[in-house]
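Here is a short walk through one protein model, written for someone meeting it for the first time. Take a look at the sequence and the 3D view, then read on.

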Amino acid sequence: MRTDKIIAEKIASEYAPKQDRKVVALKKLDRLAKRGAEIFAYTFGTISTLIFGTGMSFAMGVIGDGSITTMVISIIIGLIGIFGVSINYFIYKKLLEKGKKKYGSDIIRLAQEIAEEE
């Protein structure tokens, strides 16, 4: 009999109107604060890695004719890619700090409300 009650409550909860709880709102705000920095870091890191790989392909002769001019261009392209990959983390940290500053007061206020309820 007890299992029937648990099953019935579970099914009923699926059809009951969902209430946006404070914990869910807190998680949404946390994701929102971090999302911009993460999207930038993945995109910029991927592009920088592809630029670096293009420079390596030129240097190894996979792309281009293997001349001295191509080698110089490949070194420049590779250095641009290395520079992009190297600064990616620092840009990510700055953007993350900016996002936390933007949503920090709302997150702290909501977290305090949740802590006071318990």
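## Ground rules

Let's start with burial: a residue is called buried under 20% relative accessible area, exposed over 50%, and partly exposed in between, using a 1.4 Å probe and protein chains only. T70 has a relative accessibility of 12%, so T70 counts as buried.

This is a predicted model, so local features need pLDDT of at least 70 and side-chain atom pairs count only at pLDDT 80 or more, while totals for chains, interfaces and linings use all residues. Residues are numbered from 1 along each chain as its sequence is written, and side-chain values use heavy atoms, with hydrogens and water left out.

T70 sits in helix α3, which covers residues 68–117. Helices here are DSSP runs (H or I, at least four residues), numbered from the N terminus, and strands would be E runs of at least two.

The side chain of T70 meets that of S67 in a polar contact of 3.1 Å. Such a contact is a pair of N or O atoms within 3.5 Å; within protein, one must be able to donate a hydrogen and the other to accept it, and residues adjacent in sequence count only if both atoms are side-chain atoms. Setting aside neighbours within four places in sequence, T70 is also in contact with F58, I63, G64 and D65. Contact means heavy atoms within 4.5 Å.

How far should helix α2 span? With 39 residues (22–60) at 1.5 Å a residue, α2 should span 57 Å, and its end C-alpha atoms are 56 Å apart, which agrees. The expected span is 1.5 Å times one less than the number of residues.

Even so, α2 bends by about 40° at R35. That bend is the angle between axes fitted to the seven residues ending there and the seven starting there. Just after α2, G61 takes a positive phi of about 85°.

## Where α2 is covered

Several residues of α2 are buried: L29, A33, A37, A41, G45, S48, G55 and S57. What covers the buried residues of α2 includes α3.

Two of these residues are worth a visit. G55, in helix α2, is buried because its relative accessible area is 3%. Not counting residues up to four places away in sequence, G55 touches S74, I77 and G78. From G55 to I82 it is 27 residues in sequence and 9.9 Å in space, C-alpha to C-alpha. S48 also belongs to helix α2, and S48 counts as buried because its relative accessibility is 4%. Leaving out neighbours within four places in sequence, S48 is in contact with G81, G84 and V85.

## The nonpolar core

Which residues make up the largest nonpolar core? They are L29, A33, Y103, I107 and L110, 5 residues in all. Both α2 and α3 give two or more residues to this core, and α3 gives the most, with 3 residues. A nonpolar core is a set of buried Ala, Val, Leu, Ile, Met, Phe, Trp, Tyr and Cys residues joined through side-chain atoms within 4.5 Å.

L29 touches Y103, D106, I107 and L110, again not counting residues up to four places away in sequence.

## Two salt bridges

The structure holds 2 salt bridges, each defined as a side-chain nitrogen of Lys or Arg within 4 Å of a carboxyl oxygen of Asp or Glu. In one, D30 pairs with K34, and the closest N and O atoms are 3.4 Å apart. D30 and K34 are 4 residues apart in helix α2, so about one helical turn separates them. D30 is partly exposed because its relative accessible area is 33%, and K34 is partly exposed because its value is 29%.

R109 and E113 form another salt bridge, with the closest N and O atoms 3.2 Å apart. R109 and E113 both lie in helix α3, 4 residues apart, about one turn of the helix. R109 is partly exposed at 42% relative accessibility, and E113 is partly exposed at 26%.

## One more stop on α3

I73 is another residue of helix α3. Is I73 buried or partly exposed? I73 is partly exposed, since its relative accessible area is 42%. I73 and K93 are 20 residues apart in sequence and 31 Å apart in space, C-alpha to C-alpha.
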